[in-house]
Amino acid sequence: MATTGRDYYELLGVQRAASEDEIKSSFRRLARELHPDVSEAPDADERFREVAEAYQVLSNSETRELYDRYGHAGLRGGGFTPGAFEFGNLSDIFSAFFGDDLFGFGGARRARGADVAAEVEIELVEAARGATRDIPFRVNAACERCGGNGAEPGTSPVACPTCDGSGHVQQVSRSVFGEFVRTQACPRCGGSGRIVTTPCSVCDGSGRTFEERRLQVTIPAGIHDGQQIRIGGEGHAGQLGGRAGDVYVRVRVRPDPRFVREGDDVFSTVDLNIVQAALGTTVTVETLEGSVELEFDAGTQPGEIRVLRGRGMPVLQGFGRGDHRVLVNVAVPRNLTDEQRVLLEEFERLSSDETYKHDEGFFDKLKSAFR
């Protein structure tokens, strides 16, 4: 029985006197809008099934006449059962209803070449300033001997006798709703529409051969580990003049023991001993752009953060740079001589609350590193 009680003409958005061409055109438009391949609407699935059912009825003169005279009740009395509609891709659905593909193109298929994956490793410092690398990869290219058509020079491919050179075959099925025509790639020629009778001696009729290539790839400054760079048209060769695939280069950024990267910011640590922290000092600190001298005031506390503005990673495909945040670590002596112990004990005796005046707490300092 019918799955929807709604008026079929209303579902297709046509008048009751609409012609077959108007009904077909309306269904094409709605299918392009509602099929799950293209629509993200939550009710697209249900709505597509409704318009498909409406088209099944109104595109057949017998069921349309029955519906026009008696409505849904007449269809039920006449034994109408909507076809179980399994979603394929949109092109398959159009082929099932109309015997053609989504956009009405005929002829043999021009198959796009496959993509190629490659990988390159760089250092974090190189990721900060950008780099250039030669990337080797193996690719299918058009055979030089036959020019890519697969036939031995002096011969030519012939039209496939199964599909008469069209590249596709049709299957017709009949039901109470009429004839349904499904178009699919010819199984004999694989959709090319051609048969090679005298294969090329180099590529054995495939029209393609493997070759080693190298590409110079520019890696942009600020790239993140695992990101890919796409190089269009440098992948495997296509068939029948179809465009070549692409090359995708995955960039791996090796960890640098001196730094930790978080987004566009860079973190590192600097070690001071208790004397340096108490009296103040100047220390050489490594950055992505080389060494810099940092001055630390007397009384520097563990956990303090020094922010080097604009010394982090460049913003990928943007402007500016992140920051370099330096976390202070104060080393406490583990092994003391007797003389050192005496001196520290004397220091402790001479100390007061003012000696250890509190300021910003450790956790507040730590949180400031992420601001």
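Student: Which helix gives the largest share of the nonpolar patch?

Tutor: In this predicted model, helix H7 (residues 274-279) does, with three residues. The whole patch on the surface is formed by Ile274, Val275, Leu279, Val332, Leu336 and Leu344, and together they have about 520 Å² of accessible area.

Student: Where does leucine 336 lie, and why does leucine 336 count as partly exposed?

Tutor: Leucine 336 is in the loop between strand S15 (324-331) and helix H8 (338-350). Leucine 336 has 32%, so it is partly exposed.

Student: Now the rings, please. How many aromatic pairs are there?

Tutor: The count is four. Among them, tyrosine 9 and tyrosine 67 make a tilted pair, 6.1 Å centre to centre with 35° between the planes. Tyrosine 9 belongs to helix H1 (residues 8-12) and tyrosine 67 to helix H4 (residues 61-77), so this pair ties together parts 58 residues apart in sequence.

Student: Are those two tyrosines buried or exposed?

Tutor: Buried means under 20% relative accessible area. Tyrosine 9, at 1%, is buried, and tyrosine 67 counts as buried at 5%.

Student: Why is the pair of phenylalanine 27 and tyrosine 55 called stacked?

Tutor: Planes under 30 degrees apart count as stacked. Here the planes are at 20° and the centres 4.8 Å apart, so phenylalanine 27 and tyrosine 55 are stacked. This pair links helix H2 (residues 20-34), which holds phenylalanine 27, with helix H3 (residues 44-58), which holds tyrosine 55. Both phenylalanine 27 and tyrosine 55 are buried.

Student: What sits over the ring of phenylalanine 296?

Tutor: The charged end of arginine 306, at 5.2 Å from the ring centre.

Conventions: Residues numbered from 1 in each chain as written. Predicted model: local features only at pLDDT ≥ 70, side-chain atom pairs only at ≥ 80, totals over all residues. Heavy atoms only, no water. Patch = residues over 30% accessible without salt bridge, like charges linked within 9 Å, V, L, I, M, F, W, Y side chains within 5 Å. Areas by Shrake-Rupley, 256 points an atom, 1.4 Å probe, with all protein chains shown as cover. Salt bridge = Lys/Arg side-chain N within 4 Å of Asp/Glu carboxyl O. Helix = DSSP H or I, 4+ residues; strand = E, 2+ residues; numbered from the N terminus. Buried < 20%, exposed > 50% of the residue type's maximum accessible area, 1.4 Å probe, protein only. Phe/Tyr/Trp six-rings, centres within 6.5 Å; stacked < 30°, edge-to-face > 60°. Lys NZ or Arg CZ within 6 Å of the ring centre and 35° of its normal.
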